[in-house]
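Colleague: Hi! Could you walk me through this model when you have a minute?

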Amino acid sequence: MKPDFPVPEHVAIIMDGNGRWARRSGWLRLRGHEGGAEAVRDVTEAAAEWGVKHLTLYAFSMENWQRPQAEVDALMRLLQRYLKKELRTLLDNGVRLQAIGRLQDLKASVRQALADTEAKTAHGKAMTLRLALSYGGRQEILDGIRRLLAESPPDRSIQQEDLAAVLYDPSMPDPDLVIRTAGEQRLSNFLLWQASYAELYFTDVLWPDFRRQHLLAALKDYHGRVRRFGKVLENDPAVHPSSS
Ligand code: IPE
Ligand code: IPE
Ligand code: MG
């Protein structure tokens with residue numbers, strides 16, 4: 001199973017529905033997050049194999065800090081376990097790991113585990129896997145503006161490129177496709193600046209059930225989209241249906 005069409009450069013995923021997946025079987029929410037880690041492995045491997053260059057996963061939002069402390073702690077422990085367990089898979093697949101977000105909010109041991117994995121996978125050439133952790137799109141824009149104000153003379157006119165250059169990872173291209181699982185149709189503060197022209201794809205599949213075949217379906221759907229970026233296109237299939 002693999003795409004027989006070009007794949008987008010950057011796919012971003014709002015991994016939702018872990019709690020519902022667990023509850024459906026009468027389990028604790030944590031078991032859903034553990035199930036979610038399986039989905040992360042399969043999707044990461046498939047994306048790297050299929051030529052996706054950037055995969056960004058929304059793993060923990062700024063708003064998620066408001067969850068019960070026990071769940072937050074469990075998610076952080078799971079993250080550390082994931083980093084340890086998946087290092088081999090990341091290296092074998094040429095995947096470079098990168099974290100984005102207000103990482104200073106994370107516990108020192110979690111920050112250390114992230115920094116270690118980033119360093120060990122730094123040479124990965126196939127794909128960059130970005131984990132958005134303690135991440136909020138509004139906070140990212142605000143943090144960028146604060147940096148700009150601190151760095152540049154106040155009378156300088158600020159351009160889009162200036163702000164883009166002070167976001168958490170300026171080397172990250174804008175996402176082409178944003179996927180959200182579990183039937184919700186919202187961004188929940190994810191990549192607000194960068195997703196301004198992303199194609200959106202929603203599926204009812206709960207994240208722990210999401211596998212490469214679901215990713216393939218999303219990529220296929222994306223392949224059929226017409227990205228106009230506000231322009232009028234010659235031979236637009238929607239305007240000239242017979243020409244396609
Ligand atoms: C997504 O699953 C994982 C995180 C937000 C960390 P949820 O935990 O939000 O699962 P639901 O939405 O309650 O089912
Ligand atoms: C979004 O999921 C955040 C992550 C996937 C990390 P949530 O489950 O937290 O979002 P809401 O609360 O339904 O908007
Ligand atoms: Mg949710």
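Modeller: Happy to; we can start with the sheet, then take some loops, a helix pair and the end of the chain.

Colleague: Before that, what kind of model is it, and how are things numbered?

Modeller: This is a predicted model, where local features need pLDDT of at least 70, side-chain atom pairs count only at pLDDT 80 or more, and totals for chains, interfaces and linings use all residues. Residues are numbered from 1 along each chain as its sequence is written, chains are lettered from A and ligands numbered from 1 in the order in which they are written, and side-chain values use heavy atoms, with hydrogens and water left out.

Colleague: Great. What is the strand order in the open sheet?

Modeller: The order is β3-β4-β2-β1-β5-β6, six strands with parallel pairing. Strands here are DSSP runs of E with at least two residues, helices are runs of H or I with at least four, and both are numbered from the N terminus. Two strands pair if DSSP finds at least two bridges between them.

Colleague: Which strands stand at the edges?

Modeller: β3 (95-100) and β6 (199-202) do; each has a single partner strand, so one side of each is left without a neighbour in the sheet. The twist averages 20° from one strand to the next. For angles like that, axes are lines fitted to C-alpha atoms, for helices over the stretch in contact, and values run from 0 to 180 degrees between N-to-C directions.

Colleague: How many bridges does β1 make with β2, and how many with β5?

Modeller: β1 (residues 10-14) pairs with β2 (residues 54-61) over 5 bridges, in the parallel sense, and 4 bridges join β1 to β5, again parallel. On the β2 side, Ile13 stands opposite Leu57. On the β5 side, Ala12 stands opposite Val178, and Ile14 has Arg180 as its bridge partner.

Colleague: Is β1 mostly covered or exposed?

Modeller: Mostly covered: 5 of its 5 residues are buried, meaning under 20% relative accessible area, with exposed set at over 50% and partly exposed in between (1.4 Å probe, protein chains only). His10, Ala12 and Ile14 point one way, while Val11 and Ile13 point the other.

Colleague: And what about the faces of β5?

Modeller: Both are covered, with Leu177 and Ile179 on one side, Val178 and Arg180 on the other, and all of these buried. β5 also runs parallel to β6, joined by 4 bridges, and Leu177 has Glu199 as its bridge partner there.

Colleague: Moving to loops, where does Thr181 sit?

Modeller: Thr181 is in the loop between β5 (177-180) and β6, and at 0% relative accessibility Thr181 counts as buried. Its side chain reaches the backbone oxygen of Asp16 at 2.7 Å; the cut-off for a polar contact is a pair of N or O atoms within 3.5 Å, and within protein one must be able to donate a hydrogen and the other to accept it, while residues adjacent in sequence count only if both atoms are side-chain atoms.

Colleague: What else does Thr181 touch?

Modeller: Leaving out residues up to four places away in sequence, Thr181 touches residues including Ile14, Met15, Thr203 and Trp207. Contact means heavy atoms within 4.5 Å. Thr203 itself lies in the loop between β6 and α7 (212-223) and is buried at 12% relative accessibility.

Colleague: Nice. How do helices α3 and α4 cross?

Modeller: The axes of α3 (residues 69-92) and α4 (residues 108-120) come within 10 Å and cross at roughly 10°. The two helices are therefore roughly parallel to each other; that label covers angles under 35 degrees, with over 145 being roughly antiparallel, 65 to 115 roughly perpendicular and the rest oblique.

Colleague: Which residues meet there?

Modeller: Among them are Met76, Leu83 and Leu87 in α3, and Val110, Ala113 and Leu114 in α4. By class, the contact of α3 with α4 has 9 nonpolar, 3 polar and 1 charged residues. Nonpolar covers Ala, Val, Leu, Ile, Met, Phe, Trp, Tyr, Cys and Pro, charged covers Asp, Glu, Lys and Arg, and the others, Gly among them, are polar.

Colleague: Last one: which phi does Phe229 have?

Modeller: Phe229 has a positive phi of about 50° although it is not a glycine. Most residues other than glycine have a negative phi. Phe229 is in the segment after α7 and counts as partly exposed at 39% relative accessibility. Asn235, in the segment after α7, has a positive phi of about 55° and counts as exposed at 55% relative accessibility.
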